[in-house]
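Here is a short briefing on a few helices. Have the sequence and the structure ready.

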Amino acid sequence: MSKKIFVIVESPTKAKTIRKFLPSNYTVDASIGHVRDLPTSAADIPKNLKGEEWTRLGIDVDTNFKPLYVTPKGKGKIVRELKKKLKEADLLLLATDEDREGESISWHLVDILKPKVPVKRMVFHEITKKAIERALETGRDIDIDLVNAQETRRILDRLYGYTLSPLIWKKISYGLSAGRVQSPGLRLIVDRERERIRFQKAVYWDLSASIVPGEGRENEVFNAKLESVRGVRVSTGKDFDPSTGELLHNRNVLVLDEVTSADLESSLKSGEWKVLSVGERPSRQRPAPPFITSTLQQDGNRKLRMSARETMRTAQRLYEQGFITYMRTDSPTLSSEGTNGAIESVKRLFGDSYLTESPRQFSSKSKGAQEAHEAIRPAGEIFVHPDKTGLDGRELSLYTLIWKRTLASQMKDASKVSTTAKIGAGDAVFTATGTRIAFPGFLRVYVEGKDEPDAALDDKETFLPELIEGQKVVPASLASVRHETKAPSRYTEAALVSQLEKLGIGRPSTYASIINTLFDRQYIRKQGTSLIPTFTGFAVIQLLENHFHYLIEYSFTSEMESALDEISLGKIDRIKYLEKFYLGKNGLKGQVEHREKEIKPEEARTIHLPHLGPVSGIKVGKYGPYFILEPEEGGESIHASIPEEIAPADLSRADILEIIDLQKNGPVPMGTDPETGENIYCLTGRYGPYFQLGEKTDDVPKPRRASLPKGKKPREVNLEDALRQLSLPRLVGMHPETGGEIRVNEGRFGPYILYNDEFRSLKKGDDLFEVTLERVLEILAEPKKGRGSRTILKDFGTQGDDKVSLSVVDGRYGPYIKYGKKNIKLPDDKKENSIIEKLTLEEVMVIVKNA
């Protein structure tokens with residue numbers, strides 16, 4: 001009789017995938033993540049420990065930093081089910097993820113389940129038949145050093161957060177927090193905003209020419225830029241100090257202004273132009289290594305516009321479904337299986353000429369590459385082509401990205417030839433450049449994304465016509481061009497992840513949660529793809545800098561990560577490390593107790609921004625940022641809110657003066673509505689400027705309001721703008737079949753159509769105020785997509801007096817019924833497309849009522 005073997009994993013999806021590769025005597029179930037954690041509220045603390053002071057922290061610092069572990073609400077039932085199944089088993093296999101957190105989950109499972117049968121760790125980094133079979137043959141014990149490292153990390157996070165956060169609540173606002181990794185991450189974003197505040201614009205000019213190589217070659221025109229005049233280089237943006245706008249010291253350059261550039265332009269138009277030199281320089285470009293966690297997050301953001309969190313969630317699903325290897329890894333190394341898989345794919349798709357002479361291997365640059373042992377790549381020995389995966393939406397996009405990058409890593413370098421031509425005109429020299437790809441190599445399949453939107457991608461070619469030294473050329477046009485230096489770019493998620501990794505702050509597996517926490521605490525917000533600190537985020541960093549600066553020093557956080565890596569290798573005593581950090585001479589507990597009385601709440605809530613002129617500082621209040629203008633003699637002080645949509649670096653003296661003027665004089669009508677005769681105002685509230693029709697009164701507590709046109713400021717709008725915006729939602733017409741109203745409106749995610757309680761986005765190029773009924777009907781006739789791009793298989797319209805929408809939707813795990821906000825399982829015998837097409841309303845409503 002076969003042994004009964006019980007396998008525990010973290011998620012149902014992973015369990016479902018693994019089950020396919022195991023014999024019938026194996027049972028697989030999921031713990032649904034952690035089964036124990038530190039308490040998050042007083043309600044979590046066991047009755048017998050309620051009176052203990054240390055339980056508030058969840059760590060008994062006087063007893064070797066012993067953590068108090070509790071089973072989170074809702075997990076008790078899962079633990080009972082696991083215990084029940086374990087009783088029938090002869091062997092327990094713990095198949096949680098192979099990183100520190102997975103090791104920790106396995107340790108907690110053993111501690112809480114208390115198995116009486118043998119226990120082994122089952123470790124793999126991809127869910128394929130071969131990998132699972134290999135894992136069954138190579139079971140091991142739980143690695144206690146990894147468990148200790150994870151537990152120490154968790155304890156440090158708790159000590160840091162639960163000691164500092166209450167202080168921030170008292171001094172700034174309740175509900176705020178500090179974090180061991182999140183606070184240095186926030187400091188990066190705040191520091192970049194300060195750089196933008198200090199930035200002083202510099203203006204400089206140069207000349208740009210369109211040049212014809214000679215008579216009869218007008219179709220070969222090329223562009224050239226002014227490089228030097230009388231042997232002195234013409235200035236570029238890099239020659240100016242961003243904080244002063246002045247020329248950097250020891251820069252021997254010529255700075256042209258509008259007048260001198262116009263004079264030079266005039267003098268050059270009539271002179272002779274000729275080619276001074278033409279040079280070619282070959283170059284080679286190597287492919288980037290296969291993805292690790294941080295680079296996957298970066299390119300997911302740059303190329304797919306996915307947040308770090310979305311990228312990791314999508315990668316998790318791909319891993320659990322068996323499409324990719326484990327997605328939390330610091331190692332860019334490919335196994336021999338992975339290397340061969342990439343080579344065979346390249347050979348099949350592009351031929352031997354695109355393969356390197358010998359397989360490429362990449363090594364990690366990270367000191368603490370402690371996670372999985374291989375890069376993120378398509379799973380298995382034979383890589384599944386994206387077109388044959390059956391995936392769709394984001395899962396397909398991310399899998400394709402991983403597949404392409406892995407193939408590219410084993411392809412030949414790209415060979416390029418750069419051509420530079422120097423064109424002489426009087427005392428001036430112009431430069432023209434071109435690049436041609438001699439052999440595309442890996443560029444056939446993958447081009448790495450760039451953080452700078454203006455940066456040229458590596459697969460772009462620019463050609464120069466054939467030129468020879470001494471050849472006369474003709475300027476078809478010559479123009480003076482004005483340039484302004486640009487403020488330092490704000491971080492995108494991709495750029496922030498790159499900088500966190502560079503500085504050694506946190507680990508790649510934590511970056512998504514760091515960024516997500518900053519959003520959840522409302523310390524940052526997103527404008528386009530840029531991360532902008534809120535005034536609250538500014539205040540928190542200001543307090544930490546003024547009183548606990550060492551805790552947010554980048555080097556301190558990086559050294560802490562290194563120490564945690566040493567703990568995972570058993571090289572550092574974790575208890576001694578925790579004692580020094582928390583209870584030592586300059587430990588966190590003593591520092592907070594010592595400084596708490598020194599910190600004045602009024603000072604902590606005031607952000608000093610010297611560029612704003614008439615106000616001494618911006619204050620953080622319960623209802624958002626505001627400022628106080630001290631009164632003139634005999635007058636009253638002015639309290640005025642600042643719209644939260646204005647970034648600290650974008651708040652100007654002119655904005656402050658405008659708010660002060662509005663506060664002093666009250667709102668002034670822009671004009672009147674021709675239909676009602678009521679006044680129309682442009683007002684500013686907590687969430688930004690808006691139009692309002694009429695005054696707020698007891699009879700009209702909520703007058704009609706509308707947002708400003710996208711990209712316009714209050715001083716840039718007029719009455720026509722207001723009337724257009726206040727006309728929304730606009731009635732486009734009546735549906736010819738149902739007689740229902742069809743309207744269009746502006747929403748948070750752009751313009752949309754509203755018909756029969758359903759929403760459809762207008763397409764790019766469709767004008768909200770011009771779109772016709774015919775065009776709207778075309779969009780409504782297109783196949784509908786459910787949430788997350790799920791296809792509607794059959795639509796039953798709206799049902800009942802409440803007009804609840806009813807449809808059958810094709811989900812990731814098969815068809816289901818969507819009734820309003822409820823998702824209802826479709827019986828297995830009705831999941832075939834041919835059967836769904838024949839489903840009647842009565843049949844579907846029976847399923848809904850019985851659900």
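Which exposed residues does the face of α21 turned away from its buried side carry? They are Glu774 and Ala781. Exposed means over 50% relative accessible area, buried under 20%, and partly exposed in between (1.4 Å probe, protein chains only).

This is a predicted model: local features need pLDDT of at least 70, side-chain atom pairs count only at pLDDT 80 or more, and totals for chains, interfaces and linings use all residues. Residues are numbered from 1 along each chain as its sequence is written, and side-chain values use heavy atoms, without hydrogens and water.

**Helix α21**
- Helix α21 spans residues 773–781, and its buried residues are Val776, Ile779 and Leu780.
- They cover an arc of only 100° around the axis, so they sit on the same side of α21.
- The arc is that of the directions from the helix axis to the C-beta atoms.
- An α-helix has 3.6 residues a turn, so residues three or four places apart point the same way.
- The cover over the buried residues of α21 includes β24 (730–734) and β25 (741–747).

**Helix α20**
- In helix α20 (residues 719–726), Asp721, Ala722, Gln725 and Leu726 are the buried residues.
- Their arc is only 120° around the axis, which puts them on the same side of α20.
- Asparagine 718 caps the N-terminal end of α20, with a side-chain oxygen 3.2 Å from the backbone nitrogen of glutamate 720.

**Helices α16 and α17**
- Phe581, Tyr582 and Leu583 in α16 meet Leu588, Lys589 and Gly590 in α17 (contact means heavy atoms within 4.5 Å).

Technical notes:
Helices (H or I, at least four residues) and strands (E, at least two) are DSSP runs, numbered from the N terminus. A polar contact is a pair of N or O atoms within 3.5 Å; within protein, one must be able to donate a hydrogen and the other to accept it, and residues adjacent in sequence count only if both atoms are side-chain atoms.
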